[in-house]
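The following exercises are to be worked with the sequence and the model at hand. Each task is followed by a solution in steps.

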Amino acid sequence: MRRLPAFVAVTALAGFGLVGCSASAGASCPTPTADPALSAAISATGDVGTAPTVNLRSPYLPTQTAVDTLVQGEGEKLTEDGQQAFLDVTVVNAATGETAIATPYAADFSRPLTLLELEKNIPGVGELLHCAAEGSRVAVALPSDTLPAEQAQGLGLTAGAPAVFVFDVRKVFLPAADGVEQFNAGTGMPSVVRAPSGQPGVSFPQNDAPTEVRTETLKKGDGEVLTADSNVMIHVLGVAWGAKTTFFSTWDNGAPGQATASQLPPSLASALEGQTAGSQVLVVVPADQTSADQQALRAPADKALVYVVDILGTVG
């Protein structure tokens with residue numbers, strides 16, 4: 001059996017090593033409906049997050065795509081195609097019952113992926129994992145001739161072979177901050193609006209920018225408290241004071257970023273320390289304190305900078 005490198009979905013944020021749905025949506029997202037034939041044919045023993053021992057009655061010849069949740073997790077659900085997650089997988093040749101290939105099942109939280117990227121690599125799989133929850137083990141069956149020959153070969157399968165994938169959903173990150181809205185009594189700060197996806201936009205007051213760093217918690221999450229050493233997954237929008245366009249946006253890049261909090265520009269690092277996962281934070285940095293931002297994010301010089309940060313979760 002060959003070992004499959006962990007799926008890679010990395011979006012680098014220039015300069016400081018960042019890599020690339022709401023609670024109600026997750027709550028209303030049903031667990032994938034189990035296929036009785038697959039349920040009767042498969043078992044997988046071992047803890048989620050460790051390499052399972054997969055027993056598949058063979059030959060198992062599915063005539064259509066099928067899914068079965070072998071272990072039901074209780075964590076965040078995969079509700080959006082662009083949502084980041086860490087998965088491990090064991091691939092079984094359904095005709096023979098033999099394991100063809102598997103990921104390392106190592107404690108490696110450096111390479112997340114999305115359902116959209118998974119679907120591109122293994123057609124037919126991504127949509128079947130929709131609504132799978134963190135902590136789950138999910139079996140997905142694909143009939144013969146579903147996988148293109150090149151993908152089949154890369155997975156250790158012969159062209160035209162039916163396959164069963166046993167996924168361990170190790171970690172699922174929020175698609176956007178889902179915390180409780182907070183009241184902020186301060187004046188002179190920008191206002192933040194949000195699209196249905198959670199993507200923020202900024203409108204500015206008539207006054208000049210603050211002359212000191214100012215921070216407001218717009219949403220308060222109930223997740224882990226961040227420290228300077230926390231490895232976090234975040235969405236970041238950056239816009240110069242009064243500008244109509246962003247100078248930086250992970251939303252526009254198509255994927256959030258991953259970084260140790262202390263590696264961020266100082267004003268952002270300070271603003272995030274002590275915040276909780278699920279929170280959304282507004283930060284304003286005066287023009288005379290943006291040299292690190294200019295270097296790391298190519299922020300414009302001589303302008304106050306405004307950041308909206310969604311804390312999607314901690315890594316590891």
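A residue is called buried under 20% relative accessible area, exposed over 50%, and partly exposed in between, with a 1.4 Å probe and protein chains only. The model is a predicted one, in which local features need pLDDT of at least 70 and side-chain atom pairs count only at pLDDT 80 or more, while totals for chains, interfaces and linings use all residues. Residues are numbered from 1 along each chain as its sequence is written, and side-chain values use heavy atoms, with hydrogens and water left out.

**Exercise 1. Determine whether Ser 249 counts as buried or exposed, and identify the backbone nitrogen atoms that its side chain reaches.**

Step 1. Ser 249 belongs to strand S14, residues 248-249; helices (H or I, at least four residues) and strands (E, at least two) are DSSP runs, numbered from the N terminus.

Step 2. The relative accessibility of Ser 249 is 5%, so the residue counts as buried.

Step 3. A polar contact is a pair of N or O atoms within 3.5 Å; within protein, one must be able to donate a hydrogen and the other to accept it, and residues adjacent in sequence count only if both atoms are side-chain atoms. A polar atom of the Ser 249 side chain lies 3.2 Å from the backbone nitrogen of Trp 251. The side chain of Ser 249 also reaches the backbone nitrogen of Asp 252, at 3.1 Å.

Step 4. With neighbours within four places in sequence left aside, Ser 249 is in contact (heavy atoms within 4.5 Å) with Val 236 and Leu 237.

**Exercise 2. Locate the disulfide and state which parts of the chain the pair ties together.**

Step 1. A disulfide is a pair of cysteine sulfur atoms within 2.5 Å. The structure holds 1 disulfide.

Step 2. The link is formed by Cys 29 and Cys 131, whose sulfur atoms are 1.6 Å apart. The angle about the S-S bond is -75°, and the link of Cys 29 and Cys 131 is left-handed.

Step 3. Cys 29 lies in the loop between helix H1 (23-27) and helix H2 (36-41), and Cys 131 in the loop between H3 and S7, so the pair ties together parts that are 102 residues apart in sequence.

Step 4. Both Cys 29 and Cys 131 are buried; for Cys 131 the relative accessibility is 4%. Cys 131 also has a positive phi, near 80°, in a residue other than glycine.

**Exercise 3. Describe the largest nonpolar core: which residues touch the most other members, and which element gives the most to this core?**

Step 1. A nonpolar core is a set of buried Ala, Val, Leu, Ile, Met, Phe, Trp, Tyr and Cys residues joined through side-chain atoms within 4.5 Å. In soluble globular proteins, nonpolar side chains tend to be buried together.

Step 2. The largest core has 28 residues, of which Val 125, Leu 129, Val 140, Phe 165 and Phe 167 touch the most other members.

Step 3. Two or more residues come from each of strand S5 (85-93), strand S6 (99-102), helix H3 (115-121), strand S7 (137-142) and strand S8 (163-172). S8 gives the most, with 5 residues.

Step 4. Apart from this core lies another, of 24 residues, among them Leu 226, Ala 269, Ala 271 and Leu 272.

Step 5. Residues up to four places away in sequence not being counted, Phe 167 touches, among others, Leu 87, Val 89, Leu 118, Val 125, Leu 129 and Val 140.

**Exercise 4. Characterise the aromatic pair of Phe 86 and Phe 173.**

Step 1. Rings of Phe, Tyr and Trp (its six-membered ring) pair if their centres lie within 6.5 Å; planes under 30 degrees apart count as stacked, over 60 as edge-to-face and the rest as tilted. The structure holds 4 aromatic pairs.

Step 2. Phe 86 and Phe 173 form an edge-to-face pair, at 5.7 Å centre to centre and with 70° between the planes.

Step 3. The pair links distant parts of the chain, 87 residues apart: Phe 86 is in strand S5, and Phe 173 is in the loop between S8 and strand S9 (180-181).

Step 4. Phe 86 counts as buried at 2% relative accessibility, and Phe 173 is buried with a relative accessible area of 1%.
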